[in-house]
Amino acid sequence: MPHSKNNRRILFVDDNPNFLASIRRLLGSNYSITTADSGEQALELIGQQEPFAVIVSDLKMPNMDGITFLAKAKDISPNSVRILFTGYANLENAIAAVNNGYVFRILTKPCQEEDIKRAVDASLDQHRMLRAHSELEYLRKIGKAMEGIIFGFSALVEARDPYTAGHQRRVADLSAVLAQRLGMDRDRTQGLRMAAMVHDIGKLYVPAEFLNKPGKLSSAEFSIIKNHSQVGSDILSPVEFPWPLSEIVLQHHERLDGSGYPQGLRGDQLLDEAKIIAVADVVEAMAFDRPYRPGKGLDAALDEVEHNAGTLYDRDVVQACLNMFRNEGFAENWT
Ligand SMILES: [Fe+2]
Ligand SMILES: [Fe+2]
């Protein structure tokens with residue numbers, strides 16, 4: 001793979017100025033070459049500048065030898081790939097340096113131009129690989145952080161509305177297993193789980209006394225509660241998640257026949273994730289007690305979704321759900 005000169009920053013360290021001059025002549029047009037005449041000077045450069053892709057050092061230098069220098073360079077700039085130049089007489093030391101992980105390649109002096117280029121190119125490839133790896137690690141960390149934020153959001157709603165504590169997590173657990181049974185891929189299922197963890201986040205804006213009010217709500221109160229899908233979606237929409245979290249949350253009270261809210265969407269306008277959460281949400285809400293009303297129980301909840309399969313709820317989702325509870329004993333671990 002071609003490298004731009006920008007990604008070809010290479011530091012050569014040698015106490016012989018003639019050697020450094022010949023390197024500049026040899027490689028200067030295709031690579032971005034920096035030179036230093038001692039390990040000390042090179043360490044200073046490494047500390048000051050953007051990381052070098054490759055660091056090449058002579059072994060025999062006064063004051064600081066090449067192995068000591070490269071070991072220090074490794075600490076400061078671990079992703080720079082290191083090459084050691086050595087005479088045959090010192091090969092044993094050089095091999096130890098490779099085995100200790102200080103050095104990626106050894107070049108013996110005198111050295112053919114082609115050998116230098118080949119070693120440098122291999123090191124640049126290695127550097128690219130290391131960088132890709134650390135970027136992946138970084139993305140993984142970001143993913144973890146994002147998950148943490150979602151869980152924090154979830155805890156926020158439940159802190160304010162302790163009567164429904166655990167609701168979102170139980171809906172998320174059930175939704176994720178349903179998705180698995182329905183063959184949704186892992187990445188999408190992860191997004192679904194995140195959405196389910198915060199599907200009621202919009203309730204942050206519903207006055208607490210409405211949320212847990214025993215008995216019937218007035219239609220004005222109910223319409224405020226209904227707002228929570230839109231509000232939740234608005235809270236999430238500025239964040240660029242890798243999944244359509246805001247849309248899923250917006251749709252979690254939509255129903256197949258268009259009787260849901262807030263938009264009255266119909267079957268094929270609904271995201272699969274929303275169809276799954278809809279079933280999990282209803283089953284959880286009916287099956288579990290709330291302090292202001294006892295739950296109707298799991299059997300009644302399953303009857304409800306079964307009865308409305310194909311009209312309110314997606315048939316496949318309902319079928320998977322009934323199967324999980326009636327045949328696979330999912331309820332035992334669903335707490
Ligand atoms: Fe909801
Ligand atoms: Fe809910």
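**A helix pair and a parallel sheet**

The axes of helix H13 (residues 298–307) and helix H14 (residues 315–326) come within 10 Å and cross at roughly 155°. This is a predicted model: local features need pLDDT of at least 70, side-chain atom pairs count only at pLDDT 80 or more, and totals for chains, interfaces and linings use all residues. Residues are numbered from 1 along each chain as its sequence is written, while chains are lettered from A and ligands numbered from 1 in the order written.

Helices (H or I, at least four residues) and strands (E, at least two) are DSSP runs, numbered from the N terminus. Axes are lines fitted to C-alpha atoms, for helices over the stretch in contact; angles run from 0 to 180 degrees between N-to-C directions. H13 and H14 are therefore roughly antiparallel, a term for angles over 145 degrees. On the H13 side, Leu298, Leu302, Val305 and Glu306 meet Val318, Cys321, Leu322 and Phe325 of H14. Contact here requires C-beta atoms, placed from the backbone, within 7 Å.

Now turn to the sheet. Five strands form an open sheet with parallel pairing, ordered S2-S1-S3-S4-S5. Two strands pair if DSSP finds at least two bridges between them. Strands S2 (32–36) and S5 (105–108) stand at the edges with a single partner strand each, so one side of each lacks a neighbour in the sheet. From one strand to the next, the twist averages 20°.

Inside the sheet, four bridges join S1 (residues 9–13) to S3 (residues 54–58). Val13 has Ser57 as its bridge partner in S3. Helix H1 (residues 17–27) packs on the sheet, touching S1 and S2. Its direction makes about 175° with that of S2.

Notes:
Contact = placed C-beta atoms within 7 Å. Parallel < 35°, antiparallel > 145°, perpendicular 65-115°, else oblique.
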